[in-house]
Amino acid sequence: MALGSSDESAKTPQSPKPETISINRLKSHLCAELATSHADILLLTCCIISGLVDSTVYNAYGTFVSMQTGNTIFLGLGGATPHSTSKPYGWVKSFLSITSFCLGCFVFSLASRLLTPLRRSTLTASFVLQSLIIVVAAAIIQGGVVNGSLHTITADINWRELLPIALLSFQSAGQIVGSRVLGFAEVPTVVLTSMLHDISTDPALLGPLRQNMKRNRRILAFAGILAGAVAGGFISESTKRMQVPLWIAGGIKFFIASAWIVWPEKETNAV
């Protein structure tokens, strides 16, 4: 009898432990592909961040970290005598910003492809990294490693200023990679010229509100960047320091990263 009961207990399937169930659920949650519906809201928030950061950095260092069109012009003006009289090394900042941005595009795009672009863990990690980079740049300035006072451009250059410029340019690339991954190319979050062209030449520019969502997103993206620039200028001018807008931008971007954790999953059609 004892042997028989032992055999029966051996054949009884063991129920998984609660810890195992929790880990499996977490893995399933993080590996799920996310729905792109309404994800443009988060990208439009990134537009505000771009305006906030760019206006602040330009006020302090005379260069951009998102709008690379302006940096290209500054780079081209680097050899012009009248321009180089006031800031002879301004082209170095612009060149570094362009280079860091391109490197960021390569890294974020490659990582996105390798880790599955629309996976919850991929999008969350991307925006957490972007947020941390902004926080690091703000902490460097807050700690006095780099001068964060506004209007400090002189005829010489403080080479330490290149560190936050490189960091902020690198992270801003994650936004445009995210817009491509999510399928909202009309909201690149870091550029305006092509967006303004598309708004102005849209044959359905005056069409009904609900029938032209791309136009709506472009207009809101422009408004977001403009609003962010106004806010960045106001905050930095009020505090006379550039780290305050950066802390705010880092916090907003961390909020976006947190939103991906609870974002709805992509619906799968049952066969």
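Me: What are the helix content and the end-to-end C-alpha distance over residues 242-263?

Reply: In this predicted model, residues 242-263 are 86% helix and 0% strand, with the end C-alpha atoms 32 Å apart. UniProt, in an unreviewed entry, lists these residues as a "transmembrane region", along with 95-115, 127-150 and 219-236. Residues 219-236 are 100% helix and 0% strand, and their end C-alpha atoms lie 26 Å apart.

Me: Why is Asn71 called buried?

Reply: Buried means under 20% relative accessible area. Asn71 has a relative accessibility of 0% and therefore counts as buried. Asn71 belongs to helix 4 (residues 68-76). Beyond its neighbours within four places in sequence, Asn71 is in contact with Thr63, Phe64, Val65, Ser94, Ser97 and Ile98. Its C-alpha atom is 8.0 Å from that of Trp91, which is 20 residues away along the chain.

Me: What makes Val107 partly exposed?

Reply: The category lies between the buried limit of under 20% and the exposed limit of over 50%. Val107 has a relative accessible area of 33%, so Val107 is partly exposed. This residue sits in helix 6 (residues 90-115). Together with Leu103, Phe106, Leu110, Leu114 and Leu115, Val107 forms a nonpolar surface patch with about 560 Å² of accessible area.

Me: Which residues of the largest nonpolar core touch the most other members?

Reply: Among its 42 residues, these are Val53, Tyr61, Leu168, Leu182, Met242, Leu246 and Trp260. Two or more core residues come from each of helix 3 (40-61), helix 7 (120-142), helix 8 (162-182), helix 10 (213-239) and helix 11 (243-261). Helix 3 contributes the most, with 11 residues. Leu168 touches Val53, Val57, Val65, Ile134, Ala137 and Leu246, leaving aside residues up to four places away in sequence. A second, separate core has eight residues, including Phe101, Phe108, Ile133 and Phe170.

Me: What is the phi of Thr116, and what is the phi of Thr189?

Reply: Most residues other than glycine have a negative phi. Thr116 is not a glycine, yet its phi is positive, at about 80°. Thr189, also not a glycine, has a positive phi of about 75°. Thr116 is in the loop between helix 6 and helix 7, and Thr189 is in the loop between helix 8 and helix 9 (193-200).

Me: How do you know whether Thr116 is buried or partly exposed, and whether Thr189 is buried or exposed?

Reply: The limit for buried is under 20%. Thr116 has 21% relative accessibility and therefore counts as partly exposed. Thr189 has 0% relative accessibility, so Thr189 counts as buried.

Conventions:
Residues are numbered from 1 along each chain as its sequence is written. This is a predicted model: local features need pLDDT of at least 70, side-chain atom pairs count only at pLDDT 80 or more; totals for chains, interfaces and linings use all residues. Side-chain values use heavy atoms; hydrogens and water are left out. A nonpolar core is a set of buried Ala, Val, Leu, Ile, Met, Phe, Trp, Tyr and Cys residues joined through side-chain atoms within 4.5 Å. Buried means under 20% relative accessible area, exposed over 50%, partly exposed in between (1.4 Å probe, protein chains only). Helices (H or I, at least four residues) and strands (E, at least two) are DSSP runs, numbered from the N terminus. Contact means heavy atoms within 4.5 Å. Patches are made of residues with over 30% relative accessible area and no salt bridge: like charges are joined within 9 Å, nonpolar side chains (Val, Leu, Ile, Met, Phe, Trp, Tyr) within 5 Å. Accessible areas come from the Shrake-Rupley method with a 1.4 Å probe; for residues, only the protein chains shown count as cover. A salt bridge is a side-chain nitrogen of Lys or Arg within 4 Å of a carboxyl oxygen of Asp or Glu. UniProt positions are given in the numbering used here, feature names are shortened, and annotations may be inferred rather than shown by experiment.
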